[in-house]
Amino acid sequence: MSDRDAGQSGSSSGARAATVSDIHELMRRKEEIEAQIKANYEVLEGQKGVGMNEPLVDFEGYPRADVDVYQVRTARHNIICLQNDHKAVMKQVEEALHQLHAHDKEKQARDLAEAQEEAMSHRMSHNEGHGLSQAFAKVNSVSPGSPASIAGLQVDDEIVEFGSVNTQNFQSLHNIGSVVQHSEEKPLNVTVIRRGERQQLRLVPTRWAGKGLLGCNIIPLQR
């Protein structure tokens, strides 16, 4: 998506109140751009891991022979353009959310109340069927900007469910590691206890600027 497209979409959204469908479409565009950015970073990684700033000439000033200089420059250019597109889409998302809340507060409040009631009913039926689960692990650090941080994980969250891992089948942190490795770019349902209350989170293990796919440290709880 170009900046021109972003501008056109932005001006059209100003003519009317944004809808939930508009936001879903923007989020779809955002995910497409992120996938393209990732693909271009993989191109750089395949070229001796040159990254965005490593020189493309040797110590004598000649183009490096160990990498495809044209391919690297193209990937770098694409990444810069896509990052600008990503910023534009995120700005549109923010504006659309403001519009949605400003023009539809009553409906949002009603939808939120219904969603909370449904979630409460689901938790109650789950607890009745399975009993209250105990936490088996704890989050003791979360890196800013990481997938764990984006999902809402916080330090001292006690983990009750992590994808398919729960109190009944948890044996070691290898269980969580295996789930993470097999769920890259796929959403995982994570249930935690935070200050005595259960919280339902959606975590997507993703490659990011830091190490690993989560960006948090989890330790087992001794019961």
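Guide: Welcome! A nonpolar core is a set of buried residues such as Leu, Ile, Val and Phe, joined through side-chain atoms within 4.5 Å. Keep that idea in mind as we look at this predicted model.

Visitor: How many residues does the chain have, and what share of them counts as buried?

Guide: There are 223 residues, and 29% of them count as buried.

Visitor: Now the core, please! Which residues have the most contacts inside the largest one?

Guide: They are Phe136, Leu153, Ile159, Phe162, Ile176, Leu203 and Ile218, in a core of 22 residues. Several elements each give two or more residues to this core, including strand 1 (137-142), helix 5 (147-151), strand 2 (158-162) and helix 6 (173-181). Strands 4, 5 and 6 also belong to that list.

Visitor: What does phenylalanine 136 touch, leaving aside its neighbours within four places in sequence?

Guide: Its contacts include Ile159, Phe162, Phe170, Ile176 and Leu221. Contacts like these can be sorted by how far apart the partners sit in sequence. Among contacts in the chain between residues at least 6 apart, 63% join residues at least 24 apart.

Visitor: Let's turn to pockets. How much space lies in the largest pocket, and which residues lie nearest its centre?

Guide: The largest pocket holds about 1200 Å³ of space. Its lining has 26 residues, with Lys30, Glu34, Ile150, Glu185 and Thr206 nearest the centre. Helix 2 (20-46), helix 3 (69-103), helix 5 and strand 5 each give two or more residues to the lining. The largest share, 9 residues, comes from helix 2.

Visitor: How does the lining of that pocket divide by class?

Guide: The count is 12 nonpolar, 4 polar and 10 charged residues.

Visitor: Let's finish with lysine 30. Why does lysine 30 count as buried?

Guide: A residue is called buried when its relative accessible area is under 20%. Lysine 30 has 15% relative accessibility, so it counts as buried. You will find lysine 30 in helix 2. Beyond residues up to four places away in sequence, lysine 30 touches His86, Val89 and Met90.

Technical notes. Residues are numbered from 1 along each chain as its sequence is written. This is a predicted model: local features need pLDDT of at least 70, side-chain atom pairs count only at pLDDT 80 or more; totals for chains, interfaces and linings use all residues. Side-chain values use heavy atoms; hydrogens and water are left out. Buried means under 20% relative accessible area, exposed over 50%, partly exposed in between (1.4 Å probe, protein chains only). Contact means heavy atoms within 4.5 Å. Helices (H or I, at least four residues) and strands (E, at least two) are DSSP runs, numbered from the N terminus. On a 1 Å grid over the protein atoms alone, a cavity is a set of points where a 1.4 Å probe fits but cannot get out, and a pocket is an open set with protein on both sides within 12 Å along at least five of seven lines; lining residues have an atom within 4 Å of a point. Grid points are joined across faces, edges and corners, and a volume is the space filled by probe spheres set on the points. Ala, Val, Leu, Ile, Met, Phe, Trp, Tyr, Cys and Pro count as nonpolar, Asp, Glu, Lys and Arg as charged, and the others, Gly among them, as polar.
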